[in-house]
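Hi,

Here is the structure I promised to pass on to you. Have a look at it first, and then read on for what turned up.

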Amino acid sequence: MPKEHITCLIIGSGPAGYTAAIYAARADLKPVLYTGLTPGGQLTETTEVDNFPGYPKGITGPELMEDLKAQAERFGTHVRFGMITKADLNANPKRFMVDETTEITADTVIISTGASAKWLGLENETRLRMNAGGVSACAVCDGFFFKGQDVAIVGAGDTAAEEATYLSKLCKKVYMIVRRSEMRASKAMQHRVENTPNIEILWNSETEDILGAEAVEGVVVKNNTSGEKRTLNVTGFFVAIGHKPNTDIFKDQLTMDELGYLQVIPGSSKTNIDGVFAVGDCADKTYRQAVTAAGSGCMGALDAERYLASAEIH
Ligand code: NDP
């Protein structure tokens with residue numbers, strides 16, 4: 001059977017991918033978007049989204065993603081459930097494998113594969129996270145729900161320090177659970193945390209369990225030097241132990257930093273390979289917001305459109 005050839009392939013279905021699709025479809029690039037294993041991406045795992053412009057009353061993450069999908073489809077985007085499992089970006093045309101079985105080719109590709117938050121892996125963490133029970137990996141998204149309450153955050157990098165500081169402005173008390181006797185975060189961020197009166201740092205501490213049937217009611221923490229256990233009476237549990245960009249299949253082809261974030265020419269979505277554009281969280285370790293992802297998705301589509309109009313393709 002002949003391989004399917006696509007003009008503009010979009011990989012990933014978060015705000016970056018769908019926004020790229022809206023622009024690409026309106027520019028008549030006939031985009032085909034493969035959703036990946038989590039259609040809608042990270043936002044489908046959050047509850048209320050109150051910081052996406054245009055929704056004065058807020059919207060749930062899953063609803064927002066359904067709206068973005070519908071908008072992309074309205075202009076003719078083909079949205080398909082499937083995973084791109086292999087990519088040969090230097091081939092001409094570029095070659096891809098879908099679900100390990102079907103080969104397709106494309107003139108241009110917009111990569112919007114996102115990043116996945118890392119989790120501790122505790123059973124109750126997963127259960128309460130899935131039930132929107134007060135376990136979150138995004139303080140900026142969910143901190144508001146814990147206004148005036150006590151919360152805990154685990155992690156000791158810049159993200160954890162930044163999010164602890166953010167939470168301290170909303171919450172009564174923030175416990176920061178740090179597994180070693182020092183933090184990885186920059187000195188400036190550490191000082192900010194240490195000088196915030198309502199943040200208590202628990203050094204050498206690990207999370208043993210998260211309590212609560214429907215919602216977080218407490219967190220059991222163990223000191224890994226003394227063995228002492230303590231239950232923190234908190235209603236929110238934030239995990240900030242890093243993100244992993246979903247870029248493994250592009251290794252050895254695209255330039256990425258040591259953490260795997262794709263590198264683009266600043267002010268554009270261009271990667272080191274012509275016709276390959278990277279947008280959203282897979283190329284952004286700093287902002288990681290739905291709206292910044294959406295904005296970069298627009299850039300990706302405009303860059304792809306210009307690329308296709310250029311002499312090399314036609
Ligand atoms: P990092 O990888 O830098 O830090 C992860 C933190 O989580 C570390 O302190 C690590 O502990 C801890 N951790 C990892 N696994 C576990 C676990 N199982 N249990 C408990 N703790 C755990 O991730 P970040 O998201 O903080 O930062 C990613 C990158 O983004 C960094 O380069 C950072 O500098 C950058 N960044 C910059 C910001 C800024 O400049 N404003 C803001 C946010 C991020 P340990 O130290 O013991 O390994």
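One cut-off before we start: a residue is called buried under 20% relative accessible area, exposed over 50%, and partly exposed in between. Please also keep in mind that this is a predicted model.

With that cut-off, aspartate 99 is partly exposed, because its relative accessible area is 37%. Aspartate 99 sits in the loop between β7 and β8 (102-111), and its phi is near 50°, a positive value in a residue other than glycine. Arginine 288 also has a positive phi, about 50°, although it is not a glycine; you will find arginine 288 in the loop between β19 and α7 (290-309). One more backbone detail is the cis peptide bond from asparagine 92 to proline 93, with omega near 0°. Proline 93 belongs to the loop between β6 and β7 (94-98). For context, most residues other than glycine have a negative phi, and most peptide bonds are trans.

Now to the ligand, which I expect you will want to look at. Which residues come nearest to the ligand? Of the 15 residues around it, these are Asp158, Thr159, Arg179, Arg180 and Arg184. By class, the shell is made up of five nonpolar, four polar and six charged residues. Helix α5 (residues 158-170) gives the most to this shell, with three residues.

- Aspartate 158: an N or O atom in its side chain is 2.6 Å from a ligand oxygen.
- Arginine 179: a polar side-chain atom lies 2.9 Å from a ligand oxygen.
- Alanine 156: here a backbone N or O atom is 3.2 Å from a ligand oxygen.

The ligand taken alone exposes 910 Å², and the protein buries 73% of that.

Two other places deserve a look. Threonine 271 lies in the loop between β18 (243-245) and β19 (276-278) and counts as buried, because its relative accessible area is 8%. The side chain of threonine 271 reaches the backbone oxygen of valine 276 at 2.8 Å and the backbone nitrogen of isoleucine 273 at 3.2 Å.

Phenylalanine 81, in the loop between β5 (78-80) and β6 (84-88), has 58% relative accessibility and so counts as exposed. Together with Leu37 and Met83, Phe81 makes a nonpolar surface patch of about 340 Å².

Enjoy exploring it, and write back with any questions.

Best wishes

Key:
Residues are numbered from 1 along each chain as its sequence is written. This is a predicted model: local features need pLDDT of at least 70, side-chain atom pairs count only at pLDDT 80 or more; totals for chains, interfaces and linings use all residues. Side-chain values use heavy atoms; hydrogens and water are left out. Patches are made of residues with over 30% relative accessible area and no salt bridge: like charges are joined within 9 Å, nonpolar side chains (Val, Leu, Ile, Met, Phe, Trp, Tyr) within 5 Å. Accessible areas come from the Shrake-Rupley method with a 1.4 Å probe; for residues, only the protein chains shown count as cover. A salt bridge is a side-chain nitrogen of Lys or Arg within 4 Å of a carboxyl oxygen of Asp or Glu. Helices (H or I, at least four residues) and strands (E, at least two) are DSSP runs, numbered from the N terminus. Buried means under 20% relative accessible area, exposed over 50%, partly exposed in between (1.4 Å probe, protein chains only). A residue is near a molecule or strand if one of its heavy atoms lies within 4 Å of it. A polar contact is a pair of N or O atoms within 3.5 Å; within protein, one must be able to donate a hydrogen and the other to accept it, and residues adjacent in sequence count only if both atoms are side-chain atoms. Ala, Val, Leu, Ile, Met, Phe, Trp, Tyr, Cys and Pro count as nonpolar, Asp, Glu, Lys and Arg as charged, and the others, Gly among them, as polar.
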